Amino acid sequence: MLAVRPASPANSTTRHPMNAFRIQLNGQPVSAEIAPTTLLVDFIRTRHRLTGTHVGCDTAQCGACTVLVDGEPLKSCSVLALQIQGRDVKTIESLAPSESELHPVQQAFIECHGLQCGFCTPGMVMATVGLLAHNPDPDDRAIADALDGNLCRCTGYVNIIASVHRAAQLIAEQSGRARSNGAAA
């Protein structure tokens, strides 16, 4: 039988002062009063119901909670929300351009079977978006380095690496079309 230690009176009645908090969340300004102990992942999931950001380990080991902060991948379970005050946060919900169109990275993960149960997928996708923003044609080593700390227990990573390569190709094709459309105008 699991023994549950009762909360100490000091801990149960202690209230943290609330702090003003402002960020850009998926392109929208957001402000709130939050406790200084609020984790970014909890703010995203609880306050804004953006549940695509998953909580897997609570110790920054699995990467399921990865979001982009100012374009850089960040494990949102490992940072207090107040630490990213005034910054730009993007979650998986921000990627698809429309209800009927996927982001190239999302499309690539589907095409290449880079997901199975799907639990790690949001973190993998966000880490991939961050990688491809800085390195549009990564080799396998660069992909492994970028995805280090994002755990998948289903796929064995072969299809995930193929998905990243395919995403790079789709983005390059999309970029080429955009350039040629711009030149034709």
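## A tour of the salt bridges

Start by selecting Arg87, which is partly exposed, with a relative accessible area of 34%. Partly exposed means between buried (under 20% relative accessible area) and exposed (over 50%), using a 1.4 Å probe and protein chains only. You are looking at a predicted model, in which local features need pLDDT of at least 70 and side-chain atom pairs count only at pLDDT 80 or more, while totals for chains, interfaces and linings use all residues. Residues are numbered from 1 along each chain as its sequence is written, and side-chain values use heavy atoms, leaving out hydrogens and water.

Asp70 sits in the loop between β3 (66-69) and β4 (72-75), and Arg87 in the loop between β4 and β5 (88-90), so the pair ties together parts that are 17 residues apart in sequence. Strands here are DSSP runs of E, at least two residues long, and helices are runs of H or I, at least four, numbered from the N terminus. Asp70 is partly exposed too, at 42%.

Next, select Asp88 and Lys90, another salt bridge, with the closest N and O atoms 3.4 Å apart. Asp88 is partly exposed at 23%, and so is Lys90 at 29%.

Finally, move to helix α5 (residues 140-147), where Arg141 and Asp145 lie 4 residues apart, about one turn of the helix. Their side chains meet in a salt bridge, 2.8 Å from N to O. Arg141 is exposed at 54%, whereas Asp145 is partly exposed at 46%.

How many salt bridges does the structure hold? There are 4, including those on this tour.
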